[in-house]
Amino acid sequence: MLDNLGEDKSIYLQISEMIEDEILRDIINEEEQVPSTTELSKFYKINPATAAKGINILVDEGILYKKRGIGMFVQAGAKEKVMESRKKKFKETYLKKIISEAELIGLSKSDLKRLIDETTD
Amino acid sequence: MSTLLGKNIVKKYGKDTVLKNVDVEIETGKIYGLIGRNGAGKTTLLSILTAQNPATEGTITLDGEPVWENEKALSHICYSREISQVTMFGPNTIKVKDYLATAKAFYANWDEEYAKELIELFGINPKKRINKLSKGMLSAVTIIVAMASKADITILDEPVAGLDVVAREQFYKLVIDEYAATGRTFVISTHIIEEAASLFEKVIIIDDGQIIIEENTEDLLARAYRVSGEETNVDAAVKDFKTYHPESIGRNKVVTVLADEPVDGFNGDVQVEPVPLQNLFYAMCVDGRKEA
Amino acid sequence: MSSLAKRSAKYFFKEGLKTLGLVLGLECLLIIEWLIIGSDEKSLVEYVLNMFMSVGSIFIIMMNMMYSFYGPNWYDSMALSMGARRKDIFVGELIKQFTFVFGNFIALSLVAVIFQQYKYIILILISCIIAIALGPIGLIVGHKVSKYGKVIIMIIAIIGGVFGASLAIGGFWMKEYVTELSGFTFPLLIVGAIAIFALAELWAYKLNQKSMVK
């Protein structure tokens, strides 16, 4: 399938993360409807069961909820929830990689802190 | 949910054993990918499962009833494979429309409207003769028969061989649309693996007449890893695991690992990356037989 | 009768009609040729009619064998690949052949009746009987040809050629022979044909049961 889904992570996780990103970026707002499993599977050319799995993770985490007969909607307070869970995952998904690379190339902790200050200014 | 079950299938052609005690289970309502090298036995297995070819040993049942010469079972199945452009009498001069008319006569649930839509979509001239079709059009006709048959269990043997990338994408979209709308079972054998991998809920890998993998695609990929690094580190890290296709360049070694279950990490100073399905397949099958 | 059996029977019946149409169409074209060739004959109508009946009768036998020969590896194989059962194909071949032969009988006899040359009806009948008997032989050869290959095709082609040549040279040898028929030969022919038909169909059935899509 031709699209931007990468090879590095399970597809269903990529789907749920993508929806989380959209929530974080206000591309989709609370109480708005998200694309259906079928729409997602057709758009990304993936198995509908995979798309469903991605959506169900978010339902289990209380990010999305189902309106019977209509579809999946973003919960009130979802953005907060996503931010919280991403903060928890930040250390594993991003920080460890940066620190490991820093160690590899000989950047000290203080070097790293200085770089962060420089970059965020 | 129905199950098309093949048990202890052995197929011999003379002294040559093409399928060696194969067990396979096709559950309805899923999209399966069947991958294997040329000559691994894909087509033989599929034609045996659909009673188009007799097994030397073994049983093939649909919901417990044998498929062989069984109208009820056969009415749920469509096996569409590449049409030969030559017969032993010369070129295959049957017209596309006559070929499709035969399909319409035999497939109980044939959808003529859908077939007409697909003929237009693929740009086929129904009056053309089979031997005059390009490779792409030939594949398209195979696909049209499979899709319009509306069979519960639809098996396609290398449907995208001969299709350019645009047509291939059209095909994948067709399958998803149809699956989303009807929940039909699809079993698709293909050599173009990575493109189609995200379509397959389950994948079956056949190598040298035996099934080496029959598993949910994501579960399989969740336990596959590409481990690389300095060779002694790599060897130490993977020593308790099943490994495939080790390669070295200088002191850098790369090996594909298939663990029994997903692992949290490997011990030692090694790089660990996920493995795409095509690469996993390659690693598992490359060091087998030497033929193409 | 199950619906697959019905659909299959309908399909093979239509196939029989198609081949019937093709062969009759071919014969119509030949009529034009005979009209031209025989333009200096004393009785043009009798000449053309003679040719039509002789060639038509030979065609029943030859074409029926040829189409049944093509069956196993081509058309029947196609049906098998689309969910037909082997027994549907076996029965279907019988339907197709009977339709073709019987259709020819009706068509040719009709022509004989129209021109009030009833003598030809015996010729047509005998050809039909022979055609039915030889039909399954075509099937058997068709099943075996993949193993023994082109040699068989060559042999059949040669036999067919000799047949056709003797027709052209000998003229109306069959018609002459036919009018000499005594009361004893005819039943013998029927019994012989039934015997050949039964044995050949039995063999064809066995081969059919083992058939597969290549």
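Colleague: Over how many bridges do β14(B) and strand β15 (residues 252-258) of chain B pair?

Modeller: This is a predicted model: local features need pLDDT of at least 70, side-chain atom pairs count only at pLDDT 80 or more, and totals for chains, interfaces and linings use all residues. Residues are numbered from 1 along each chain as its sequence is written, while chains are lettered from A and ligands numbered from 1 in the order in which they are written. Helices (H or I, at least four residues) and strands (E, at least two) are DSSP runs, numbered from the N terminus. β14(B) and β15(B) pair (DSSP finds at least two bridges between them) in the antiparallel sense, and the bridges number six.

Colleague: Which residue takes a positive phi in the hairpin of β14(B) and β15(B)?

Modeller: In β15(B), B:N252 is the bridge partner of B:I249. The hairpin has two residues between its strands. The positive phi, near 65 degrees, belongs to B:G250.

Colleague: Of the eight residues of β14(B), what is the number buried?

Modeller: Buried means 20 or more other C-beta atoms within 10 Å of a residue's own, exposed means 12 or fewer, and partly exposed is in between, with C-beta atoms placed from the backbone. Strand β14 (residues 242-249) of chain B lies largely in the open, because its buried count is zero.

Colleague: Which strands stand at the edges of the open four-strand sheet of chain B?

Modeller: The order is β2-β1-β4-β5 (chain B), with antiparallel pairing. Each edge strand has a single partner, so one side of each is left without a neighbour in the sheet. The edges are β2 (16-27) and β5 of chain B.

Colleague: What angle does the direction of helix α1 of chain B make with that of β1(B)?

Modeller: Strand β1 (residues 3-13) and strand β4 (residues 57-62) of chain B pair over five bridges. B:E57 in β4(B) is the bridge partner of B:V10. Helix α1 (residues 42-49) of chain B packs on this sheet, touching β1, β2 and β4 of chain B (a contact has C-beta atoms, placed from the backbone, within 7 Å). Axes are lines fitted to C-alpha atoms, for helices over the stretch in contact, with angles from 0 to 180 degrees between N-to-C directions; here the angle is about 125 degrees.

Colleague: Which element gives the largest share of the side of chain B that touches chain C?

Modeller: Contacts join 19 residues of chain B to 23 residues of chain C. On the side of chain B, α2, β6 (77-80) and α3 (96-106) each give two or more residues. The largest share, four residues, comes from α3(B).

Colleague: Is A:E31 buried or exposed?

Modeller: A:E31 lies in the loop between α1 (11-24) and α2 (37-44) of chain A. Its phi is positive, about 70 degrees, although it is not a glycine. With 10 other C-beta atoms within 10 Å, A:E31 is exposed.

Colleague: How far apart are the C-alpha centres of domain 1 and domain 2 of chain A?

Modeller: Domain 1 is 11-78 and domain 2 is 89-120, with bounds from an automatic or database domain assignment. Their C-alpha centres lie apart by 32 Å.

How values were computed:
Contact = placed C-beta atoms within 7 Å.
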